[in-house]
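Subject: Structure handover

Hi there,

Here is the structure I promised to pass on to you. Please open it alongside this email, and then read on for my notes.

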Amino acid sequence: MSRFWSPLVHQLTPYVPGEQPKIPNLIKLNTNESPYGPSPKVFEAIRQAADDTLRLYPDPQAQDLKQVLADYTGLPADHIFVGNGSDEVLAIAYQALLKQDKPLLFPDISYSFYPVYCQMYQVDYEQIPLDKNFNINLADYQRPNGGIIFPNPNAPTGIALPLNNIKQLLDNNPDTVVLVDEAYVDFGAESAVALVKDYPNLLVTQTLSKSWALAGLRVGFAVGQPALIEALIRVKDSFNSYPLDRLALVGAAAAIQDQDYFKATCSKIITSRESLTADLTALGFEVLPSSANFVFVSHPQHEGAWLAQKLREKALLVRHFNQPRIANFLRITLGTKEQNQLLVQALKGILS
Ligand SMILES: *Cc1c(COP(=O)(O)O)cnc(C)c1O
């Protein structure tokens, strides 16, 4: 604390990201990174761009990358916004669209960055409890609001909301922005990007950090009708003209253009989710139905925090949230087949 701080800073409780510890031979299943590297085309593109042109600023409009994303989503480039990770895109969306007189609504169990942005941008909010099976109940969102945000699939539960339900939510809330955070959509949920052309109040965000294996490059994007995108651009250009550097711009474009590699790695992860779910169920765990690159599990006889600690002693890092309703759960990122097997072996030892 210091008397030099702006008043707001005294009130901030910043988001705490999952650890990146330097433990030798660590198996890192705590932050939903991809266990596979990015497409080799990404390295090629970044190597080529690492030359004298780095003395020049990058394209402030990121036109080439936006065009690649336009082709990918099947929408015109004026429907695309890019940022330094989707966390930045979300932060900009809070300022540009979600700060209204009425409260922002989001699930009680959800991405823990959402209330942090509310503090930062002084957005009033209400957390709507998920039902007892951790599903979103649409009727609970039938109340005055200044916007709605939720991840789909939800984090940390992994549970997906069907596209029909999202459509219904949009129909029920035509006067406020519904932001669908699709950080994990490529692992098995239906994307709301398909609804963008029909709904002027829909903004969808995605990231290259998970399914594209590029958490280190920091690239995220939003898809929405041009009026929403313009609001984001206005805020971004009042804040930072160059959020994406030259290497990130070309690396991200190369990743998106390598669809074969992308589809192959996503399907490997989806397959491993099925076998890990079966193995953990056999060990007595309850595994929520996941459409993401992680599983959210609890054991009837053992506390989540204790299990996480025991795994850590074996250099296996998983995520535990010390929060109401989910304190007994572990969120386990899907690793390679070998890593998942090591996890199952370790848990067998701990449980016996
Ligand atoms: C990981 C994640 C993000 C942000 O990812 P970036 O690395 O900032 O692109 C956003 N929302 C959810 C729900 C996430 O899990």
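Predicted model: local features only at pLDDT ≥ 70, side-chain atom pairs only at ≥ 80, totals over all residues.

**H4 with H5**

Let me begin with helix H4, which covers residues 85–98, and helix H5, which covers residues 113–121. Their axes lie 10 Å apart, and the packing angle is about 45°. That angle makes H4 oblique to H5. The crossing in which H4 passes H5 is right-handed. On the H4 side, the residues that meet H5 are Asp87, Leu90, Ala91, Tyr94 and Gln95. Their partners in H5 are Phe113, Tyr114, Tyr117, Cys118 and Tyr121. Sorted by class, the contact of H4 with H5 holds eight nonpolar residues, one polar and one charged.

**H4 with H7**

H4 also packs with helix H7 (residues 226–236), here at an angle of about 115° and with the axes 9 Å apart. H4 and H7 are therefore roughly perpendicular to each other. Their crossing is right-handed. H4 brings Ile92, Ala93, Gln95, Ala96 and Leu97 to this contact, while H7 brings Leu228, Ala231, Leu232, Val235 and Lys236. By class, the contact of H4 with H7 has eight nonpolar residues, one polar and one charged.

**H2 with H8**

The next pair is helix H2, residues 40–49, and helix H8, residues 246–257. These two pack at an angle of about 150°, and their axes are 8 Å apart. Because angles over 145 degrees count as roughly antiparallel, H2 and H8 are described as roughly antiparallel to each other. H2 passes H8 in a right-handed crossing. From H2, the residues in contact are Lys41, Val42, Ala45, Ile46 and Ala49, and they meet Leu247, Val250, Gly251, Ala254 and Ala255 of H8. The class count for the contact of H2 with H8 is eight nonpolar, one polar and one charged.

**Cysteines**

How many disulfides does the count come to? With a disulfide taken as a pair of cysteine sulfur atoms within 2.5 Å, the count comes to zero. Cysteine 118, one of the H5 residues that meet H4, has a relative accessible area of 2% and is buried. Cysteine 266 is buried as well, with a relative accessible area of 6%.

Best wishes

Technical notes: Residues numbered from 1 in each chain as written. Heavy atoms only, no water. Axes fitted to C-alpha atoms, helices over the stretch in contact; angles between N-to-C directions. Helix = DSSP H or I, 4+ residues; strand = E, 2+ residues; numbered from the N terminus. Parallel < 35°, antiparallel > 145°, perpendicular 65-115°, else oblique. Left-handed = near helix turned anticlockwise from the far one by under 90°. Contact = heavy atoms within 4.5 Å. Nonpolar A, V, L, I, M, F, W, Y, C, P; charged D, E, K, R; others polar. Buried < 20%, exposed > 50% of the residue type's maximum accessible area, 1.4 Å probe, protein only.
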